[in-house]
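Please look over the sequence and the structure below, then read on by topic.

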Amino acid sequence: LQKRIIATYFWVRRGLFLVGLTLPLILLGIGWWNHIHLQGSMSAYYFAFDPPDSQLRVFPARAAFVGITFTGGILFMLYRGFTNRENWLLNFAGFAAVVAALVPMETPANCTNCGSNTFSNVHEVAGLVLFGSLGVVALLCTNETLAKLRNSAERKWFRIAYIVIAILLFLLPLAAVVM
């Protein structure tokens, strides 16, 4: 039973990583399939449709963005880290993901009558909190996890991977803002 619990725990960790890794790829794929140009952020796929001057408002990537982001948020809240600090940061990130999924970003100029912009700034803040919290987890909460690894080469590899992931979690939202 203990081996199954441990295996489940690590598969959930891998699954959360894969969800985060595949979301942008899924959005790109849906966009490509529907002739939607590359968007400035993952959130922009919420309102993306083609052609931009069409009166038909079909948003093919919306369900994937909302569903995957919402599911990831719930999983982050259910996941238990190795410390209270990691738990709180993951709960905070999970709540922010759910908010980002449920509150859309500002509607683009070419999308008249697509929705209200009343709370669009909440989406942006939630996205920054999500990425920032996960970046802090990757930077500051890895020692407890890595201490469980017996192989020092594996520990070193994971430490480097966590640092790279943390840097990306901080830089990619900034790149989206600049784009």
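How many aromatic pairs does the count come to? The count comes to nine aromatic pairs, where rings of Phe, Tyr and Trp (its six-membered ring) pair if their centres lie within 6.5 Å. The model is a predicted one, in which local features need pLDDT of at least 70 and side-chain atom pairs count only at pLDDT 80 or more, while totals for chains, interfaces and linings use all residues. Residues are numbered from 1 along each chain as its sequence is written, and side-chain values use heavy atoms, with hydrogens and water left out.

**Overall build**

- The chain has six helices and zero strands, with helices (H or I, at least four residues) and strands (E, at least two) taken as DSSP runs and numbered from the N terminus.
- Along the sequence the pattern reads α-α-α-α-α-α.
- Taken along the principal axes, the box filled by the C-alpha atoms is roughly 60 × 35 × 30 Å.
- Of the 179 residues in the chain, 33% are buried; buried means under 20% relative accessible area, exposed over 50%, and partly exposed in between (1.4 Å probe, protein chains only).
- Contact means heavy atoms within 4.5 Å. Among contacts between residues at least 6 apart in sequence, 59% join residues at least 24 apart.

**Helix packing: α1 with α2**

- Two packed helices are described by the angle between their axes and the distance between the axes. Axes are lines fitted to C-alpha atoms, for helices over the stretch in contact, and angles run from 0 to 180 degrees between N-to-C directions.
- Helices α1 and α2 pack at about 175 degrees, and their axes are 10 Å apart.
- The two helices α1 and α2 are therefore roughly antiparallel to each other. Angles under 35 degrees count as roughly parallel, over 145 as roughly antiparallel, 65 to 115 as roughly perpendicular and the rest as oblique.
- On the α1 side the contact is made by L16, V19, L23, I26, L27 and I30, and on the α2 side by A64, F65, I68, T69, G72, L75 and F76.
- By class, the contact of α1 with α2 has 11 nonpolar, two polar and no charged residues. Here Ala, Val, Leu, Ile, Met, Phe, Trp, Tyr, Cys and Pro count as nonpolar, Asp, Glu, Lys and Arg as charged, and the others, Gly among them, as polar.

**Helix packing: α2 with α3**

- Helix α2 (residues 62-78) packs against helix α3 (residues 84-102) at an angle of about 160 degrees, with the axes 7 Å apart.
- Helices α2 and α3 are therefore also described as roughly antiparallel to each other.
- The residues in this contact include F65, V66, T69 and F70 of α2 and L90, N91, G94 and F95 of α3.
- The contact of α2 with α3 divides into 13 nonpolar, four polar and no charged residues.
- V99 lies in helix α3 and is buried, with a relative accessible area of 17%.
- The C-alpha atoms of V99 and G73 are 8.7 Å from each other, although these residues are 26 residues apart along the chain.
- Leaving aside neighbours within four places in sequence, V99 is in contact with V122 and A126.

**Aromatic pairs**

- A pair of aromatic rings is described by the distance of the centres and the angle of the planes. Planes under 30 degrees apart count as stacked, over 60 as edge-to-face and the rest as tilted.
- F49 and F59 form an edge-to-face pair, at 5.6 Å centre to centre and 85 degrees between the planes.
- F49 and F59 each lie in the loop between α1 (2-33) and α2, so the pair ties together parts that are 10 residues apart in sequence.
- F49 is buried at 6% relative accessible area, and F59 is buried at 16%.
- The rings of W157 and F158 have centres 5.0 Å apart and planes at 90 degrees, so this pair is edge-to-face.
- W157 is exposed, with a relative accessible area of 56%, whereas F158 is partly exposed at 31%.
- Y9, F10, Y79 and F82 are linked into a cluster by ring pairs.

**Single residues**

- T145 is found in helix α5 (residues 142-146) and counts as buried at 9% relative accessibility.
- Not counting residues up to four places away in sequence, T145 touches R13, F82, E86 and Y162.
- Most residues other than glycine have a negative phi. H35 has a positive phi of about 60 degrees although it is not a glycine.
- H35 is found in the loop between α1 and α2 and counts as exposed at 58% relative accessibility.
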